[in-house]
Amino acid sequence: MTVAFYAPLKAPDHPMPSGDRTMARALIKALDHAGLAMTVASDLRIYDRAGDAALQKELIGQAKKEVARLLSAPAAGTWQCWLTYHNYYKAPDLIGPPVARALNIPYVQVESTRARKRLSGPWARFAEAAEAASDQAHTIFYVTARDAETLRRDAPAGQVLTHLRPFLDRAELPRQSDYSGAMLSVGMMRAGDKLGSYKLIADTLALLNPALEWQLDIAGSGPAEAEVTTLMAPFGARVRMLGALPAGELQHCYERACLLFWPGVNEAFGYAYLEAQAAGLPVVAQDRPGVRDVVAGMQPAVADGPHAMAARLTDMLTNRALVEDLGAQARAQIAQHHLLPAAAGTLRTAIEGMI
């Protein structure tokens, strides 16, 4: 079986790092792991950041030409299913639906979002296209419970919604942490929600008992790095700024850290949670929708603020057995639900069932 794969927002080989590209690459690996042949059908980027009517018209024109090109290509005759990753109002799939209709093959989406409030306003034309594409989908794989709410609300009769849990693009767990190192925070440094998480980290650290021995390593960089540095300055050498780390160096950090501390303000789900827990790190976050999708165990309530996270950190920093027990639970959850075999099984069962 051959699956045509398309990501309107960002192709898997796009040079800029992003969560979208990471997920796109992971999907391709999962399809391969499932024994499904895969072709990246198109690298045409469909994206309108600002609500520009002229740009939307231009991209719609480009998409029509791309559809014609694809339908005349020999590869089109081999496709048995079309899978699009991340269809939404700023990056609608303008290619997959007409190609799938012309070839009479199932059309499938992964991690799509509904936003009918955008059917009026500057993105109206793109929002209409995104909604129409979602309506055509035989199956939509949702990644988070939050996405599932609107997908269920607006689903046409007969559409199948399937839970594809967030996953790492690896088949086996990495080496387990020995818990010999510092606490670890991992996150981009930019204004908005990321900076909001860093502010909560600083507020929490300020509540820790001064006599308690602790150290925090922060892996990340970005345009708000100066603000994050200022937030952490009162803690002196107890906080070390590691900057952005290559994947291998970050993995070494996971293999030494005693826990991952990241509040998760409005996180979609957060790959750092998956990577840390795969290495057996317990997580201290807040009980937020994205966090619930991937983090083992209950987290402090948002309403309880930094005081609850400080209490949780204190419990872990003073109880090695608790760290090891929670870390084992986290690692087991990743092994069962968030590695390639689990994702491949979900994709294979659903796709083979519709052919």
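The largest cavity in this predicted model holds about 40 Å³ of space. With a threshold of 30 Å³ or more, the count comes to 1 cavity. Rolling a probe the size of a water molecule over the atoms shows where empty space is left. The lining of the largest cavity is formed by Tyr 88, Tyr 89, Thr 113, Arg 114, Ala 115, Ala 127, Ala 130 and Glu 131.

Attention may now turn to Gln 56, a residue of helix α2, which spans residues 53–72. The relative accessible area of Gln 56 is 1%, and Gln 56 therefore counts as buried, since the cut-off for that term is under 20%. The side chain of Gln 56 has a polar atom 2.9 Å from the backbone oxygen of Pro 122. Pro 122 is also among the residues that Gln 56 touches, once residues up to four places away in sequence are set aside; the others are Asp 48, Gly 51, Trp 123, Arg 125 and Phe 126.

A further element to examine is helix α9, which comprises residues 271–278. This helix is mostly covered, with 7 of its 8 residues buried. The buried residues of α9 are Tyr 271, Ala 272, Tyr 273 and Leu 274, together with Ala 276, Gln 277 and Ala 278. An α-helix has 3.6 residues a turn, so residues three or four places apart point the same way. Just after α9 comes Gly 280, whose phi is positive, at about 85 degrees.

Definitions and conventions: Residues are numbered from 1 along each chain as its sequence is written. This is a predicted model: local features need pLDDT of at least 70, side-chain atom pairs count only at pLDDT 80 or more; totals for chains, interfaces and linings use all residues. Side-chain values use heavy atoms; hydrogens and water are left out. On a 1 Å grid over the protein atoms alone, a cavity is a set of points where a 1.4 Å probe fits but cannot get out, and a pocket is an open set with protein on both sides within 12 Å along at least five of seven lines; lining residues have an atom within 4 Å of a point. Grid points are joined across faces, edges and corners, and a volume is the space filled by probe spheres set on the points. Buried means under 20% relative accessible area, exposed over 50%, partly exposed in between (1.4 Å probe, protein chains only). Helices (H or I, at least four residues) and strands (E, at least two) are DSSP runs, numbered from the N terminus. A polar contact is a pair of N or O atoms within 3.5 Å; within protein, one must be able to donate a hydrogen and the other to accept it, and residues adjacent in sequence count only if both atoms are side-chain atoms. Contact means heavy atoms within 4.5 Å.
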